[in-house]
Amino acid sequence: MLSEYLPVLIQMITATGLAASMLILSVVLGKSGNQSDIKNSPYECGMLPIGEGQPRFSVKFYMVAMLFVLFDIEVVFMYPWAVVFRDMIVTHTIMFWSMLSFAGILLVAYLYALKKGALNWKE
Amino acid sequence: MEPFIIASIIKIFVMTLLVVLPLVALSSLAERKVSAFIQDRVGPNRVGIPATIFGAKKDIPFLGLIQPLADGLKFILKEDLTPGHVRKFFFILAPVLTMVPAMLTVAVVPFGSTINILGEEVKMVIADLNVGPLYTFAITSLGVYGIVLAGYASNSKYPFLGAVRSSSQMISYEISMGLSVVPVLMVYGELNLSRIALEQDTNGWALLPFSGHGWGTLQQWVLLVPMFISFIIFTVAIFAETNRMPFDLPECETELVGGYHTEYSSMKFAMFFMGEYAAMIIGSGLIITLFLGGWSIPFIPTAEFAKDHWWVGLLQFGCFLTKVIAFIFVFMWVRWTLPRFRFDQLMKLGWVFFFELALVNVFLTALILMWVK
């Protein structure tokens with residue numbers, strides 16, 4: 001059972017090794033020039049950087065992240081249901097209604113978020 | 001060693017080093033060629049076989065096909081600058097975290113049916129997992145970390161804004177992507193990508209019901225509607241996940257310079273680039289596997305025949321590659337045709353339009369499966 005995942009492990013080692021070897025190669029073979037304060041400063045279109053490196057940003061980004069967690073879990077819940085749907089629906093019609101009510105509950109949350117303007121990026 | 005391990009090492013070697021990496025290199029050239037063609041230019045056509053080194057009078061241009069090699073060499077030889085203001089560990093980790101997940105997803109994409117080599121049954125997929133789509137979503141989500149870390153570690157304004165935008169874009173489209181796969185899972189009743197491809201080989205592709213044995217059932221024809229909607233949503237979501245053109249806000253040059261990789265140079269920048277292209281290639285592979293039959297040769301179901309004839313496996317592999325390359329061309333075509341979205345349009349499209357459409361689509365599929373026998 002777990003042996004199915006062995007190739008994934010090998011693939012992971014291969015990919016990481018590839019990435020690491022590329023990084024090392026460029027460190028070894030790449031030329032390095034002189035360091036200076038200007039060269040080391042953050043890129044701001046050639047001007048001297050103003051303020052801190054990480055400006056404050058809109059709270060909406062947090063909102064999207066939170067909503068993502070909520071709805072992504074809903075999607076994951078749908079997967080096992082979807083896989084057995086075709087075989088089970090013949091005898092158990094309730095499968096359809098149970099998922100419809102489950103999605104309905106989340107739809108209420110979704111409509112609430114829409115109404116509150118959590119997904120409105122216009123302003 | 002067990003034959004299973006040897007076979008998987010060979011498969012990984014072939015898929016990673018002989019398929020994905022050369023395709024990444026070639027599509028970086030193809031991108032410029034396609035853009036040149038669309039904009040009525042010539043495109044790169046000089047870098048060929050450097051015959052002058054070996055004493056010949058002229059270089060052989062060779063359609064500029066050696067360009068990716070020259071680019072790679074240049075990337076490696078350039079100064080590997082790590083600016084003083086960055087968070088060093090994360091700065092180095094970020095490009096690795098973009099590239100590795102992109103290369104990991106390739107493990108579950110089947111590129112052929114089961115064949116017999118030296119009496120051993122070999123499945124033409126690196127890892128035949130029973131949780132294919134779940135694995136893909138888990139791994140592609142990791143790609144977000146690379147971009148967020150790049151923005152965070154750079155400690156500079158443009159990368160930071162690019163990373164914040166990118167993360168919210170990618171997670172927004174992940175929901176519609178996840179939902180758009182649900183109808184496919186319902187129709188095939190399967191979470192194993194190789195078995196989904198096999199099913200499509202015998203009974204017709206999701207989008208082409210008459211490509212298998214016979215003309216397809218009535219149910220398959222009616223299911224074309226939700227399948228097509230799913231296909232559109234999934235394809236658009238892959239565009240958004242790979243930050244390709246209509247959705248390339250994370251790195252839109254006019255507003256954010258280079259987006260999350262503004263502070264990167266040399267090979268580290270190249271790794272972001274390669275990660276993006278690898279994600280594009282594997283995304284095409286996923287679209288094909290879910291909706292267009294994967295490795296299956298249209299109108300000729302070959303899965304049974306391939307068991308005793310190993311060369312059929314090569315044909316299937318070729319068919320898979322052809323479809324992937326066709327899709328890569330579509331990716332480029334779209335990039336050089338459509339303008340970029342505004343951020344509020346992008347979020348509205350993802351959260352309002354696609355989310356609702358995908359949710360309705362799930363229940364539409366359920367109704368069809370219940371009523372149309």
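This is a predicted model: local features need pLDDT of at least 70, side-chain atom pairs count only at pLDDT 80 or more; totals for chains, interfaces and linings use all residues.
**A pair of helices in chain B**

Helix H7 of chain B, which covers residues 218–241, packs with helix H9 of chain B, which covers residues 266–291, at an angle of about 170°, and the axes of these two helices are 10 Å apart. Because an angle over 145 degrees counts as roughly antiparallel, H7(B) is described as roughly antiparallel to H9(B). On the side of H7(B), the residues that take part in the contact are Met227(B), Ser230(B), Phe231(B), Phe234(B), Thr235(B) and Ile238(B), and they meet Gly283(B), Leu286(B), Ile287(B), Leu290(B) and Phe291(B) in H9(B). Sorted by class, this contact of H7(B) with H9(B) has eight nonpolar residues and three polar residues, while no charged residues take part.

**The nonpolar cores**

The largest nonpolar core holds 134 residues, and the members that touch the most others are Trp81(A), Phe85(A), Met186(B), Phe234(B) and Phe291(B). At least three residues of this core come from each of domain 1 (2–40) and domain 2 (59–116) of chain A. If its neighbours within four places in sequence are left aside, Phe291(B) is in contact with several residues, among them Ser180(B), Val184(B), Gln200(B), Trp205(B), Ala206(B) and Leu207(B), and also with Met227(B), Ser230(B), Phe231(B) and Phe234(B). There is also a second, separate core of 13 residues, which includes Val86(B), Ala94(B), Ala153(B) and Tyr264(B).

Along the sequence, Gly72(B) is 265 residues apart from Thr337(B), and in space the two are 27 Å apart when taken from C-alpha to C-alpha.

**The domains of chain A**

For chain A, the domain assignment gives domain 1, with bounds 2–40, and domain 2, with bounds 59–116. How far apart do the C-alpha centres of domain 1 and domain 2 of chain A lie? The C-alpha centres of these two domains of chain A are 40 Å apart.

Notes: Residues are numbered from 1 along each chain as its sequence is written. Chains are lettered from A and ligands numbered from 1 in the order in which they are written. Side-chain values use heavy atoms; hydrogens and water are left out. Axes are lines fitted to C-alpha atoms, for helices over the stretch in contact, and angles run from 0 to 180 degrees between N-to-C directions. Helices (H or I, at least four residues) and strands (E, at least two) are DSSP runs, numbered from the N terminus. Angles under 35 degrees count as roughly parallel, over 145 as roughly antiparallel, 65 to 115 as roughly perpendicular and the rest as oblique. Contact means heavy atoms within 4.5 Å. Ala, Val, Leu, Ile, Met, Phe, Trp, Tyr, Cys and Pro count as nonpolar, Asp, Glu, Lys and Arg as charged, and the others, Gly among them, as polar. A nonpolar core is a set of buried Ala, Val, Leu, Ile, Met, Phe, Trp, Tyr and Cys residues joined through side-chain atoms within 4.5 Å. Buried means under 20% relative accessible area, exposed over 50%, partly exposed in between (1.4 Å probe, protein chains only). Domain bounds come from an automatic or database domain assignment.
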